[in-house]
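I opened the model to look up chain folds, one interface and some salt bridges. My entries are below the display.

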Amino acid sequence: MSLILVIILGLFWVYYSMMTEPEIKEIRNVSVIIYGNSSEQWENLSQGAERAAKDLGAEVNLVTMSGDNDAGEQIGLINREINNGASAIMIAVCNSEELRPYLNHLESKIPIIMVESGIMENAKYKCISSDNFEMGSLLARHILENEDPKVKVAIIYDNEQRDSVVERYEGFCETFAEHEDRIVLWKRNENEKSIESMLYLQRELTEEAVDIVVALDNTATEGIVDAVLNLNKSVKIYGIGNTDKAVSNLDNDTITELVYQNEFSIGYLGMQEVLGAVDMNEEELQSLIEFRAVTKEDMYTAENQKMLFPFVK
Amino acid sequence: MEYHHQNTGQIGKNKMSSRLAKAYKKRSIQLIISISFTAVAIVAMSFMGIVLYTQFADNSKNMAIESNKQLLDQASWNLNTYIRSMMSVSDTMYYSVIKNRDLTYYPLNTEMNLLYESNKDNLVSIVCVTEDGAVMAAAPVATRKESIDITSKDWFIQANKEIENLHFSTPHVQNLFENSNYRYYWVVSLSRSVELTNIGRIRRGVLLVDMNFNGIEQLLSKANEKGNGYMYLMDQNGEIIYHPNQQAIYSNLVEENNLEAADYEDGSHIERFSGEERVVIIKTVGYTGWKLVSVTPVKEFAINLNQIRFFTVMVGVVTIVLILFGNIFISSKVTGPIRKLENSIKYLEDGNLDMDIYIGGTHEIRHLGRTITSMVNQMRKLMDEMVTEQQEKRKSALDALQSQINPHFLYNTLDSVVWMVESERYQEAISMVTALASLFRISLSKGKNVISIRDEIAHAKYYLEIQKVRYKNKFNINIDVDPNIEDCCTIKLIVQPILENAIYYGVEHMDGDGEITLRGYEKDSEVFIEVSDNGMGIPKDTIDLLLTDDTRAHKRGSGIGLRNIDQRIKLYFKGDYGLSIKSELDEGTIVTIHLPRIYMKDTKEEKKV
Amino acid sequence: MKKRIMILAMILIILLSGCNNGFGIVKQKQEEKNSIKIGVSIYDEYDTFISDMVSELKEWSKKKERETGITIMIDVVSAGQSQLTQNDQIARFADQGYDVVCVNLVDRTDATVIIDKAKSVDMPVVFFNRELVEEDLERWDKLYYVGAIAQQSGEMQGKIVVDELKKDFGAIDRSGDGEIQYVMLEGEAGHQDALVRTQSSIGYVVEEGYEVKKLGDEIANWNRAQAMTKMNALLKKYSNQIEVIFANDDDMALGAIDALEYYKFKKWPLIVGVNGTEEALEMVKTKKMAGTVYNDFKGQAEAIMKIAYACARKEAFPDDMKLTNEKYIYLPYKIITYENAQQYIIIRED
């Protein structure tokens with residue numbers, strides 16, 4: 001009889017230990033791999049990611065690249081992070097084409113999610129971004145509304161290796177379809193030093209008499225701003241992005257209109273998805289990511305200023 | 001009958017209940033003690049545990065709420081201090097500088113710079129504007145952005161609405177000055193209407209102090225580090241000023257119940273939001289009308305409590321187990337002696353009277369043991385006595401029986417009858433035969449041992465009659481029996497043997513001078529029968545032997561010794577009854593039979609021996 | 001016997017259950033031997049020089065990563081000019097098991113909290129650019145400082161001015177009174193660079209035998225816009241009287257230039273700054289600035305990273321690093337004038 005009691009006590013003991021186990025939490029490490037070598041343009045996204053991670057007891061490890069568009073390097077980084085024991089991976093692909101085969105064949109035990117730019121076509125992993133197509137379209141619509149229909153438009157179409165840019169371009173072109181003939185495409189060389197690409201743009205600006213330059217992502221927007229500031233040409237810039245530089249230049253009239261997406265939400269929802277706190281399909285996620293157009297007049301309204309001027313922690 | 005019925009019915013169930021019934025019936029003392037102690041322990045422990053736990057849970061919940069309240073108070077106090085210090089910057093600027101100065105001659109810049117430098121941790125700018133929206137002075141940066149219309153700014157409008165008050169705005173990005181490096185500041189604008197003097201002329205203007213929102217943010221995020229739950233700040237309309245999850249709320253990813261909370265009074269409330277219950281404590285910050293809100297989900301309390309609960313249960317269980325062991329141990333110690341005692345009694349029940357009863361354990365059990373032992377001893381003694389008595393009875397009865405058919409006496413008497421018949425003394429022969437028959441009838445007395453004294457005396461008379469004839473008046477007989485005792489009881493065949501002795505050893509050789517007296521009387525409520533003779537007497541040492549020695553074989557007479565009579569009397573009549581012999585040599589002998597006075601009608605029907 | 005075993009078992013279980021009373025949360029320590037975590041806290045994200053430094057830090061670690069295959073995780077946070085915030089940031093790094101931190105102190109007199117925390121978790125600290133007092137640095141042997149000698153930068157500023165004066169005194173001394181009238185734009189109150197540069201730049205000029213007269217000095221907190229405002233006020237007051245503008249750093253010099261351009265001044269005073277930022281170099285090249293003093297941010301960044309890397313990997317410092325008093329690394333300044341401005345523009349680009 002006493003033996004039975006000892007056994008029962010033993011069982012209780014085991015159960016008790018197990019009950020206290022949950023207190024020993026494992027802190028999950030999520031690697032956020034972004035393109036570009038500076039984390040400046042990712043400020044909003046990483047804040048969103050960190051906020052969600054904090055609520056879920058995880059840590060964010062932001063990994064930048066050495067350049068803008070080295071798919072090989074990015075793949076290497078993904079592998080490295082997986083091997084280093086990341087609990088999950090959030091990635092902004094730098095080159096959709098080249099990363100597609102890799103990601104589609106990647107047998108990963110840990111959850112992976114793409115942000116901002118996806119790889120389209122049977123992607124194994126979800127992509128969270130706003131409706132890029134609509135963003136491009138919105139830009140086009142506003143140009144049509146606010147500008148003379150006879151304007152000539154140049155689109156800086158580099159980084160077309162990224163699906164987000166491609167989608168925005170397509171959205172823009174569709175809305176602008178009637179005036180297709182007035183579109184000029186400028187393509188900067190990849191991996192060019194910023195001075196040279198700036199010179200390139202400046203050359204284009206001087207040579208071609210365009211009235212409006214459309215920039216489809218952050219780097220293009222900042223690039224055209226740099227080019228314009230150092231030149232005495234007046235040209236209207238319609239851009240996509242919301243880095244501090246872009247916002248500041250919107251304020252001083254260099255940029256006429258900006259379309260931006262709520263990158264905080266992208267980071268936040270992305271983190272929640274990849275940590276398993278929510279589970280939605282791409283459409284639902286997309287519907288939650290807002291994008292908006294701002295001009296100098298309304299950039300200081302309550303809604304816009306919250307997005308354009310994030311609280312930096 | 002009922003039991004029978006049940007039995008034929010549900011057999012399985014019955015087995016269990018009968019087992020239980022049996023166990024219940026068995027009710028060993030140890031089991032009872034153990035179970036009842038354990039039950040008491042469990043009840044007590046549970047009661048205590050539940051009471052303490054509930055108390056603790058309540059207490060800790062209250063304490064948590066209290067500590068949150070304290071944190072809230074602390075944060076509120078800090079916020080107050082912060083706001084006050086900003087207000088005092090504005091006050092100083094106005095009352096000590098602007099008010100009494102003709103601004104045409106004495107510009108504000110120096111003092112403004114001074115105030116800025118000494119408060120630059122919390123300030124972004126100090127600006128003084130005219131009623132037209134022109135900047136009079138500003139620190140540290142004065143390069144205004146072009147195309148900014150100050151008069152349309154909220155802080156400007158509000159300040160002019162109520163000129164007697166300071167006005168606080170909600171946080172916003174400062175849009176006044178040129179900034180380098182794409183710098184921007186989130187500020188809370190503190191504005192007031194001021195009186196500007198220019199060459200004696202008074203105009204109204206607005207003094208703006210832009211507080212660095214960082215200061216508020218730091219204060220509150222520090223408060224949010226401790227405690228469970230979080231704290232946020234909103235204005236009187238419910239618009240969020242600071243929230244730890246601000247960005248997510250603005251992006252509509254997370255919801256907060258601020259609009260409802262704006263209507264709450266100061267103090268703590270319980271609300272339900274997003275599917276969980278929370279404790280919400282509100283504190284209004286003075287002057288600004290802002291409200292600090294502390295939110296703690298109720299389940300945060302619960303998490304901690306879960307562990308405590310489990311711990312309590314664990315402790316309870318361990319304690320109960322300990323108590324169980326303790327009980328078993330103690331109860332076994334206590335009931336051990338009882339059990340041993342019980343075992344001894346079991347042996348007793350089986351009839352082993354010579355087992356030693358266990359003596360041990362507590363004083364009471366020892367007492368029990370000792371008493372039982374003495375009882376058993378007594379029982380044993382009594383049983384032995386009974387056995388001996390029965391044996392004696394049998395023996396005496398046998399003896400009596402034997403004496404009933406004394407061959408010598410019969411032989412001689414019949415001889416006498418034959419002689420009488422041959423002598424044609426028919427009348428004497430008839431009397432003798434009749435007497436003999438009567439004598440035998442009484443001897444038998446239908447097998448009874450106890451007869452009336454009347455019958456016993458009658459028996460003695462018949463005997464004497466016969467002996468008289470045989471001994472031809474060798475002696476005289478006197479019979480004197482009190483009629484009152486004739487209905488009393490006596491053992492049969494006690495007088496005749498004594499008479500026999502008196503004849504054979506007393507007066508036989510006295511040649512006609514022998515006197516035998518048979519007396520029966522009542523004295524002190526007891527019955528006495530005396531047989532006295534004046535014969536030879538009995539020597540002293542012989543008297544003693546007479547009543548004790550059983551082995552004397554009588555050559556003559558009935559064969560029943562005096563001892564036998566004495567024994568029989570003693571056997572039947574408990575007490576100090578029996579024979580006593582008094583004798584003097586050559587004088588005579590008196591044999592006294594001492595009997596209790598028991599009337600025949602008072603005796604029950606005696607079992608046949 | 002059986003009873004004894006029972007009792008023993010009971011005692012054991014009670015003891016064990018008593019022991020395990022702690023509900024502790026175990027933090028996961030970085031077990032990977034092939035990665036290191038470096039935390040960097042800067043006093044303000046809008047300071048041009050500091051931003052340049054941070055870029056260099058990141059560049060260096062990327063290069064090192066490729067070289068060694070060891071993952072270097074650099075986490076840069078801005079303290080937003082609040083020492084309290086910075087203390088919290090360092091505390092966070094410490095709690096999360098960072099191998100080493102690099103700290104650009106907000107308040108150089110208030111390093112105690114950071115030093116105490118770092119010491120308590122054995123996390124070395126490399127301070128940079130904003131120098132703490134020696135007493136604080138002495139408190140632990142794993143505290144380091146990388147910077148430059150402020151005295152030198154001030155003197156170099158003075159030298160630039162003196163060289164110009166030597167070339168053409170009259171052109172500068174517009175008032176012709178033989179005295180050089182100047183204004184000083186100062187960095188933050190209490191900052192060692194501000195104090196020392198202010199004093200040593202003028203000191204050098206004076207020692208070279210020139211007469212100087214201070215028209216005004218304003219605190220512009222290393223901030224271009226503030227410098228512009230202050231300069232505006234000074235220009236309003238003194239206008240053409242100002243012959244030389246000393247700015248404790250390039251951002252403020254640029255602010256002064258902004259003011260001059262705003263007022264469309266024809267004849268500009270001599271302007272000198274410190275740091276050698278990209279824009280300033282352009283200004284020097286276009287002769288709007290007389291010169292600036294190159295603050296070797298690349299060299300400093302490299303020194304910081306080398307120390308940090310060695311500390312994180314628990315290796316010895318590379319031989320080519322000479323520490324003064326085993327704690328300090330000072331990198332020398334370089335004078336930049338029109339002649340070598342282009343050179344430095346290129347150096348910056350690398």
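Conventions. I worked on a predicted model, where local features need pLDDT of at least 70 and side-chain atom pairs count only at pLDDT 80 or more, while totals for chains, interfaces and linings use all residues. Residues are numbered from 1 along each chain as its sequence is written, chains are lettered from A and ligands numbered from 1 in the order in which they are written, and side-chain values use heavy atoms, with hydrogens and water left out.

Chain B. I counted 16 helices and 18 strands in chain B; helices (H or I, at least four residues) and strands (E, at least two) are DSSP runs, numbered from the N terminus. Of its 609 residues, 45% are buried, where buried means under 20% relative accessible area, exposed over 50%, and partly exposed in between (1.4 Å probe, protein chains only).

Interface of chains A and B. I find 32 residues of chain A in contact with 32 residues of chain B, contact being heavy atoms within 4.5 Å. The buried area is about 3,000 Å², with 68% from carbon and sulfur atoms; this is the accessible area (1.4 Å probe) that two parts lose on being put together, summed over both. I count 1 salt bridge between the two chains, defined as a side-chain nitrogen of Lys or Arg within 4 Å of a carboxyl oxygen of Asp or Glu. Lys145(B) and Asp251(A) form a salt bridge, with their closest N and O atoms 2.3 Å apart. On the chain A side that touches chain B, the elements giving two or more residues include H1 (2–20) and H9 (244–251). H1(A) gives the most, with 7 residues.

Salt bridges elsewhere. I searched the whole structure and got 48 salt bridges over all chains. In chain A, Glu116(A) pairs with Arg168(A) at 3.1 Å. Glu116(A) sits in the loop between S4 (112–115) and S5 (127–128), and Arg168(A) in helix H6, 52 residues apart. Both Glu116(A) and Arg168(A) are buried.

Arg454(B) is partly exposed at 39%, and Asp487(B) is partly exposed at 38%.

In chain C, Asp122(C) and Lys142(C) meet at 2.9 Å, N to O. Both lie in loops, so the pair ties together parts 20 residues apart in sequence.

Last, I noted a network of salt bridges linking Arg80(A), Glu81(A) and Glu65(C).
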